[in-house]
Amino acid sequence: MTRNHLISALAALIVLLLIPFVVEDSYTRHVFIIAFIYATVAVSWDLSLGFAGLFNFGHLAFFGIGVYTAAILSSTLELSPWIAILAGGVTSAVAALLIALPVARLKGIYVVLVTFAFGQLCMQVVLSQSQWTGGAAGMVRLPYLTIGEYSFIRDFKFAYYYVALFILTAAIVTLLLIARSPFGKSLRAVRDNPDYAAARGISVARQRVMVLVASSVFTGIVGGFYGIYLRVASPEVFGFGVGTLVLSMVLIGGTGTILGPAFAALALTFATEAMVGFRGMEEARFIIVAAAMIIVLRMAPGGAIDVIGRLGLAASSATKPLEKGKT
Amino acid sequence: MDGVLIPTLVSGLLLGSLYALMASGLSLVWSTLGVFNFAHGALMTLGAYFAWTVSEQLGWGLGAGFVAGIAAAVVGGVLIELLLVRPFYGNRAMLLVTVMTTLAASTIIERSISIIWGPRLKQLPRVIEGQVSIFGAPISSHEAMIILLAPVVLAALWWYTSKTRSGRSLRAVGQNQDSAALVGIDVPRTFSLAFGLSAALAGLTGILLGSIRFVTPGLGADPLTNAMIVVIFGGLGSLGATAGAAYVIGMLEALLILWLGLYWTPSVVFLALIMILIFRPNGLFGRAS
């Protein structure tokens, strides 16, 4: 995180703030809003997966929990959608706390398995509790955002654009502050050398609980916003497709950098949306994104793999890609 | 209670058999290479679709379907090993990288299947028609055959990995690659062997499952989660522990469905798993690694 990064991020923010005055069609604004939503999920995931080196593969569950919290509160219980969106952050944080209890003490592949199974479990619960969640059909016609008499659907999504951008900016600023705090430094210490970090008095278990909760809050809020914005909650949000897409954003953007995944999310959302325009690409775009992810992992050893090499498993920061032996 | 208990136990036995077949394939690759294959479920689906095309569409019969389905899964598994796992051997973050590449592989396989075969539901014929009764519990002969087949396959796998030369080389490579290479074992070939064998098990399970449930692109995804729970529960290390855990989870699931209904069962199984992991982080039967 250098001064240059910060300046380019600020420049990007100013450009994004001005875009709605230039771009007036509702579809392009919609793609931007979706990109901001994915970017928020990706940067939050980067905090646990990249920055803290925690093998969290259930991150999309926090997003889905936010979606369904907002849907149930605003539609079934008829609360204000604003409250419903914020409540998404609360329920995700509670879920993160629950999943952090076993994860805090697990090692390696078992962290992957438990977090992944947790995401699938959330989907099964949503599918089975259809009297609350609408089951496989999902929930539709959720209430939209309003301030006073002003409906956010008006003016070609002008207001939605700024809410989405605000959530993303708030998430990035918070995560950067976390990353630069003493807590953030201790996270990196645990990632790069868990034994040494533990010897210096850092509790690895407590770190994991805190990092999971911290990464879940904005993910849940933006999940709530996603549901309210699209006015739909569907179990698809827990599925492989969305998960792989966001994971590829984190990887292609560069793990552990917070800003990288945000830029990758913008680029990839526009790329995949552009592909939808072609016939028969609806399914194929997922294949292309998955293949791109593999190519980045294979062909960019100086980029993604090098960074990944410094994650949890590494005993030292020196990476030797051709070293013999199993990790 | 008597009237429902035995059918419940029989259905638990069936679930356990399917989980055991799936989880033993996962465990085989894990203990040889230290890779967790997230595309295992997609390989099951691949096997089921190839079997359907050969036996139903081409009409060559179920026997040819089994051969084609298992062969397709093996080709898929070996390709995954060559293209997505082998380039990362020796990488310090191999565990994490291969999780991502196999996840990507599973997306690619599932989406390709849905492009090639379309969204229409398909079903494979049963191996044996008719019904039998086990201790008074009526069950289809096909399901009874799965219950009988699973222990046979597991026993064969155990015999292969402990009594034959090539099977023992799998375990040798899993324990220490360098020493295995020193005594003349072709380590890369053993890796392909482990992936191929595991994929064959996936293909077989997929075909068996495809005549109980409908064949859809997501056929393997749902049982994969359960197989993962089995694997977490039993620890990934040994075949015996994995198989034991598969039957425990299968029985538990069947009993919970009887007591709590279908809806709450996955949550309760998962909560039980979390409780176990809080106290035994290496699984119920697992040893500290």
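Which exposed residues does the face of α8(A) turned away from its buried side carry? In this predicted model, that face of α8(A) carries Pro182(A) and Lys185(A).

**A helix with a buried side**

Helix α8 of chain A spans residues 182-192, and its buried residues are Gly184(A), Ser186(A), Leu187(A), Val190(A) and Arg191(A). These residues lie on the same side of α8(A) because they cover an arc of only 160° around the axis. Among the elements that cover the buried residues of α8(A) are α2 (26-51), α7 (154-180), α9 (194-199) and α10 (204-230) of chain A.

**The contact between the chains**

Chain A gives 48 residues to the contact with chain B, and chain B gives 41 residues. On the side of chain B that touches chain A, the elements that give two or more residues are α4 (94-117), α9 (221-234) and α11 of chain B. The largest share of this side comes from α4(B), with 16 residues. By class, the side of chain B that touches chain A has 28 nonpolar, eleven polar and two charged residues.

| Helix pair | Axes come within | Crossing angle |
|---|---|---|
| α5 (109-128) of chain A and α11 (265-279) of chain B | 10 Å | roughly 155° |
| α2 (40-57) of chain B and α4(B) | 8 Å | roughly 25° |

Angles over 145 degrees count as roughly antiparallel, and the crossing of the pair between the chains therefore makes α5(A) roughly antiparallel to α11(B). The crossing of α5(A) with α11(B) is left-handed. From α5(A), the contact is made by Val114(A), Ala117(A), Leu121(A), Gln124(A) and Val125(A). From α11(B), Pro266(B), Ser267(B), Phe270(B) and Leu277(B) take part. Sorted by class, the contact of α5(A) with α11(B) has seven nonpolar, two polar and no charged residues.

For the pair in chain B, the cut-off is that angles under 35 degrees count as roughly parallel, and α2(B) and α4(B) are therefore roughly parallel to each other. Their crossing is left-handed. Helix α2(B) contributes Gly41(B), Ala42(B), Thr45(B), Leu46(B) and Tyr49(B) to the contact. Helix α4(B) contributes Ala105(B), Ser106(B), Ile109(B), Glu110(B), Ile113(B) and Trp117(B). By class, the contact of α2(B) with α4(B) has seven nonpolar, three polar and one charged residues.

Key
Residues are numbered from 1 along each chain as its sequence is written. Chains are lettered from A and ligands numbered from 1 in the order in which they are written. This is a predicted model: local features need pLDDT of at least 70, side-chain atom pairs count only at pLDDT 80 or more; totals for chains, interfaces and linings use all residues. Axes are lines fitted to C-alpha atoms, for helices over the stretch in contact, and angles run from 0 to 180 degrees between N-to-C directions. Helices (H or I, at least four residues) and strands (E, at least two) are DSSP runs, numbered from the N terminus. Angles under 35 degrees count as roughly parallel, over 145 as roughly antiparallel, 65 to 115 as roughly perpendicular and the rest as oblique. A crossing is left-handed if the near helix is turned anticlockwise from the far one by less than a right angle, and right-handed if clockwise. Two residues are in contact if their C-beta atoms, placed from the backbone, lie within 7 Å. Ala, Val, Leu, Ile, Met, Phe, Trp, Tyr, Cys and Pro count as nonpolar, Asp, Glu, Lys and Arg as charged, and the others, Gly among them, as polar. A residue is buried if 20 or more other C-beta atoms lie within 10 Å of its own, exposed if 12 or fewer, and partly exposed in between; C-beta atoms are placed from the backbone. The arc is that of the directions from the helix axis to the C-beta atoms.
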